[in-house]
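Morning, everyone. Please look at the structure on the screen while I talk.

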Amino acid sequence: MPNVDLVRAAFAAYLAQDRAAMERLVADDFVFTSPQDDHIGRAAYFEKCFPTADRLRSQVILDAVAVDDAQVYVRYEYELRTGERHRNVEVMTVRDGRLAETQVYFGGSFPQG
């Protein structure tokens, strides 16, 4: 599966809260970093981050572009159930057909439109 498709599949699994699908996509030594999570491993990601999709009303990938043979740049926007809207960027690293690392960069809130 091309890396961009794998990343899109991971976003879909997250939104659907399909843990089995996500576990197949994420490497055993997966590392997740965001402004709230400093290089946490796979188990911590599944405990802390994966279950958070229920706070979203919607999420749309705006860009998903292969940067090189391993990294995919993703820019997306989402709306929380509270009505707040945000945009984030993630750089995801794929190794041997599985997600090896995700680096999340939070964007600010933005108005609809």
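Strands pair here if DSSP finds at least two bridges between them. Strands (E, at least two residues) and helices (H or I, at least four) are DSSP runs, numbered from the N terminus.

A word on the source. This is a predicted model, where local features need pLDDT of at least 70 and side-chain atom pairs count only at pLDDT 80 or more, while totals for chains, interfaces and linings use all residues. Residues are numbered from 1 along each chain as its sequence is written, and side-chain values use heavy atoms, with hydrogens and water left out.

Now the pairs. In general, strands of a sheet pair through backbone hydrogen bonds, parallel or antiparallel. E5 and E6 are antiparallel, over 9 bridges. Val 94 has Leu 99 in E6 as its bridge partner. Contact means heavy atoms within 4.5 Å.

Next, the hairpin. E1 (residues 26–34) and E2 (residues 37–41) run antiparallel, joined by 3 bridges. Between them sit 2 residues. Ser 34 is bridged to Asp 37 in E2.

Back to helix H1. Which residues of H1 are buried? Asn 3, Val 4, Leu 6, Val 7, Ala 10, Phe 11, Ala 13 and Tyr 14. Buried means under 20% relative accessible area, exposed over 50%, partly exposed in between (1.4 Å probe, protein chains only). Their cover includes helices H2 and H3 and strands E3, E4, E5 and E6. Just after H1, Gln 17 has a positive phi of about 55°.

Last stop, Ala 70. Ala 70 lies in the loop between E3 and E4. Ala 70 counts as partly exposed because its relative accessibility is 24%. Beyond its neighbours within four places in sequence, Ala 70 contacts Asn 3, Met 92, Thr 93 and Val 94. Ala 70 and Val 94 are 24 residues apart in sequence, yet 5.1 Å apart in space, C-alpha to C-alpha.
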